[in-house]
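Here is a short briefing on pockets, surface and charge pairs. Keep the structure open while reading.

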Amino acid sequence: MSGDPMSSDDASSPFRTWNGVEPLEFLPGVHLHAIGGEQVLLCRVSYEPGTTVARHHHEATEQIVVLTSGEMTLTIGDEQRRMTAGDVAVINRGVPHELYSDTGCTFVEALSPVPRDHVPDLNRDLVLGKLSSSLHVER
């Protein structure tokens with residue numbers, strides 16, 4: 001491990017960095033960085049202007065979204081809101097939702113349990129303890 005406390009050279013270290021790490025293009029126009037443990041995944045997500053994520057749901061995962069810049073329209077179930085920086089939303093598991101940003105935006109999301117499909121690199125982006133990935137879900 002290097003002398004930098006934020007280095008990810010040592011996979012057993014609880015410290016990581018997104019600096020210098022290319023984000024995963026999760027969907028067209030959707031780019032994310034992720035870090036997770038045994039029970040929660042934290043992602044920084046950026047939408048390019050004009051990006052839509054079609055209506056979908058997470059069968060086993062709850063999602064909390066905190067918009068940090070830009071604007072987006074979020075529909076959860078039958079309720080739709082235009083969100084700006086500082087707005088937050090909770091999407092319970094199994095609830096259909098869709099997102100659109102005409103201007104582009106960045107948000108932080110927390111997902112629990114950890115959906116493996118949101119983890120760009122299972123070795124670099126997870127810090128696991130005794131339970132390892134036993135609580136993680138596929139989607």
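In the residue classes used here, Ala, Val, Leu, Ile, Met, Phe, Trp, Tyr, Cys and Pro count as nonpolar, Asp, Glu, Lys and Arg count as charged, and the others, Gly among them, count as polar. By these classes, the lining of the second largest pocket has five nonpolar, no polar and four charged residues. The model is predicted. The points below cover its pockets, a surface patch and its salt bridges.

**Largest pocket**

- The largest pocket has a volume of about 360 Å³.
- Its lining comprises 19 residues, and the closest to the pocket centre are Phe26, Leu27, His56, His58 and His118.
- Six strands are named as giving two or more residues to this lining: strand 1 (24-27), strand 2 (30-36), strand 3 (41-47), strand 4 (51-56), strand 8 (97-101) and strand 9 (105-112).
- By class, the lining of the largest pocket splits into nine nonpolar, six polar and four charged residues.

**Second largest pocket**

- The second largest pocket holds about 150 Å³ of space.
- Its lining consists of Leu74, Ile76, Glu79, Arg81, Arg82, Met83, Asp87, Val88 and Ala89.
- Two or more lining residues come from each of strand 5 (62-76), strand 6 (79-84) and strand 7 (88-91).
- Strand 6 gives the most to this lining, with four residues.

**Nonpolar surface patch**

- Ile64, Val66, Val88 and Val90 make up a nonpolar patch on the surface.
- Together these four residues have about 310 Å² of accessible area.
- Strand 5 and strand 7 each give two or more residues to the patch.
- Val88 sits in strand 7, and Val88 also lines the second largest pocket.
- Is Val88 buried or exposed? Val88 is exposed, because its relative accessible area is 57% and the cut-off for exposed is over 50%.

**Salt bridges**

- Side chains of opposite charge can pair when their charged atoms come close.
- How many salt bridges does the structure hold? There are six.

*Glu98 and Arg55*

- The side chains of Glu98 and Arg55 form a salt bridge, at 3.3 Å from N to O.
- Glu98 lies in strand 8 and Arg55 in strand 4, so this pair ties together parts that are 43 residues apart in sequence.
- Glu98 is partly exposed, at 29% relative accessibility.
- Arg55 is also partly exposed, with a relative accessible area of 39%.

*Arg82 and Glu71*

- Arg82 and Glu71 form a salt bridge, with their closest N and O atoms 2.7 Å apart.
- Arg82 is in strand 6 and Glu71 in strand 5, eleven residues apart, and the pair links distant parts of the chain.
- Arg82 is partly exposed at 38% relative accessible area, and Glu71 is partly exposed at 29%.
- Arg82 is also one of the residues that line the second largest pocket.

*Arg116 and Glu138*

- The side chains of Arg116 and Glu138 meet in a salt bridge, at 2.4 Å from N to O.
- Arg116 and Glu138 both lie in the segment after strand 9, and the pair ties together parts that are 22 residues apart in sequence.
- Arg116 counts as partly exposed, at 25% relative accessibility, whereas Glu138 is exposed, with a relative accessible area of 53%.

*Network*

- Which residues do salt bridges with shared partners join into one network? They are Glu71, Arg82 and Asp102.

Note on methods: Residues are numbered from 1 along each chain as its sequence is written. This is a predicted model: local features need pLDDT of at least 70, side-chain atom pairs count only at pLDDT 80 or more; totals for chains, interfaces and linings use all residues. Side-chain values use heavy atoms; hydrogens and water are left out. On a 1 Å grid over the protein atoms alone, a cavity is a set of points where a 1.4 Å probe fits but cannot get out, and a pocket is an open set with protein on both sides within 12 Å along at least five of seven lines; lining residues have an atom within 4 Å of a point. Grid points are joined across faces, edges and corners, and a volume is the space filled by probe spheres set on the points. Patches are made of residues with over 30% relative accessible area and no salt bridge: like charges are joined within 9 Å, nonpolar side chains (Val, Leu, Ile, Met, Phe, Trp, Tyr) within 5 Å. Accessible areas come from the Shrake-Rupley method with a 1.4 Å probe; for residues, only the protein chains shown count as cover. Buried means under 20% relative accessible area, exposed over 50%, partly exposed in between (1.4 Å probe, protein chains only).
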